[in-house]
Amino acid sequence: SKNHLANQTALNPLFNLGRSIIQLNSEKNISRLIHFMDSDSAFSISRNMIITSNEYYLDSISFSRKIINPKSIQPNIVFIILESFLGSYCGFINQNYKDVTPNLNKIADSGINFSKTIASGKRSAYGLSSILCAWPSLPGFPLISQLESQKPIETFGTLLKKIDYTTYFLFGGDADFDNMKGFLISNGFDKIIEQDDFPTDTPGTMWGIFDEYLFDYAKDILDTTQTPTLITLFTITNHQPWEIPENKKNIIPKFSTNNSNPNLLRTMAYTDHVIGEFIEDNNDKTWFDNTIFVFISDHGINEFEGMFDDPRNAHIPFLIYAPNMITNPTIINKITSQVDVVPTLLHLIGYPESFDLMGSNILSDNYNGVACRIVNDYFMWFESDFLYTEILNQGTGGFRYSNLYSQPYSSLSKESYSFKLIQNNFHAYMQGAYTYYKNR
């Protein structure tokens, strides 16, 4: 519920005691392993990496900052999180698959295409945490499941509520999965729409209703809303068992069995088709010209088997589309992270309040371009054309690449300046993110 005292009172004491013992004991070990330098140095380096032009820190002890002289606008924001979309299967990133995403290709050609976006983790809970909280994945539980997140924290929802937005989260399955619903209700979302809110005979898969019904619901909200509105819509159809509706099987093409997973390509194409219909059916509505559409994947998918947790599996799509506001289509070829999405949108709308986030405004001229990915105890740090890897308490590696898809990469000497620099930046960033999140 929205009453945090009631939430704490209702928790099962024995379950929570056991969970807290397990989590806190685990985090003692994590805290020790990621203490790479003194806390002040880690915090200072992190702040320097995050800050971009046209904003300033409010103090010296936090990540809280404000935009300089913001020209505030209040467009609707339709935030579409694409289940399991892999960058290399999107035509606007890889021309070999242009038939899979024809509608998103058109959107990319008319908007901003962030072509080198990296997912923070390999499960939806980690992607949602980074996207909505603008915070990197931390070792251990996803942020939406961590104890610190059960009290109010900053999310895209809480920030927009400060400037009078109405906030929705639409999901076609069970929103209690991974504690999504509990987290969202507690942290800035007015209404969560899930499978139970649709008629029981609504077609779908074992995971939930087909995506088209979510987009229909979003249309109804936008047709009737009287206030600036945020709709976060999390698709579900592009997931095992890779099924599409019967009435779409003659519309959505089949793909060559030469592809590693032709059924996955077909469910991606279905979601793309639904997006195309949504845009086509609504582009003459009054609200359409006053809406920013955001498309980003929650995570990639394991289609490559090069390095351990191959970085190509972490490459995901990210587009911003607003034909009435973005008149110069752009491709951003810098490394981008899911944590950068919300700060970038805050700059686009000229957000007038402060925000205490770790992401950066990608559209700034002095954006550095970094991304952190964690899978269990395996860390990946992307910076410029460098990749740093580390397995906690076991080993490190450094590489340089000209193209993420051209392997093997060139190894860096651990004695080189480049290796030491990116290692130090990663250590500072991870330590700063972990310590600040736990203690703020």
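## Basis

The model is predicted: local features need pLDDT of at least 70, side-chain atom pairs count only at pLDDT 80 or more, and totals for chains, interfaces and linings use all residues. Residues are numbered from 1 along each chain as its sequence is written, and side-chain values use heavy atoms, without hydrogens or water.

## Largest pocket

The largest pocket has a volume of about 430 Å³. A pocket is an open set of points on a 1 Å grid over the protein atoms alone, where a 1.4 Å probe fits, with protein on both sides within 12 Å along at least five of seven lines. Volume is the space filled by probe spheres set on the points, which are joined across faces, edges and corners.

The pocket is lined by 24 residues; E83, S124, F177, W207 and H239 are the closest to its centre. Lining residues have an atom within 4 Å of a point. They divide into 12 nonpolar, 7 polar and 5 charged. Here Ala, Val, Leu, Ile, Met, Phe, Trp, Tyr, Cys and Pro are nonpolar, Asp, Glu, Lys and Arg are charged, and the others, Gly among them, are polar. Helix α5 (residues 124–133) gives the most to this lining, with 3 residues. Helices (H or I, at least four residues) and strands (E, at least two) are DSSP runs, numbered from the N terminus.

## Covered helix and buried loop residues

Helix α10 (residues 341–348) is mostly covered, with 7 of its 8 residues buried. Buried means under 20% relative accessible area, exposed over 50%, and partly exposed in between (1.4 Å probe, protein chains only). V341, V342, P343, T344, L345, L346 and H347 are the buried ones. G350 follows α10 and has a positive phi, near 65°.

Two residues other than glycine also have positive phi. A134 has phi near 55°. It sits in the loop between α5 and α6 (156–161). A134 is buried, at 0% relative accessibility. W242 has phi near 55° and lies in the loop between β9 and α9. W242 is buried too, at 17% relative accessible area.

## Cis peptide bonds

The bond from Q240 to P241 is cis, with omega near 15°. P241 is in the loop between β9 (229–234) and α9 (262–282).

Another cis bond joins Q407 and P408, with omega about 5°. P408 is in the loop between β18 (395–400) and β19 (410–411).
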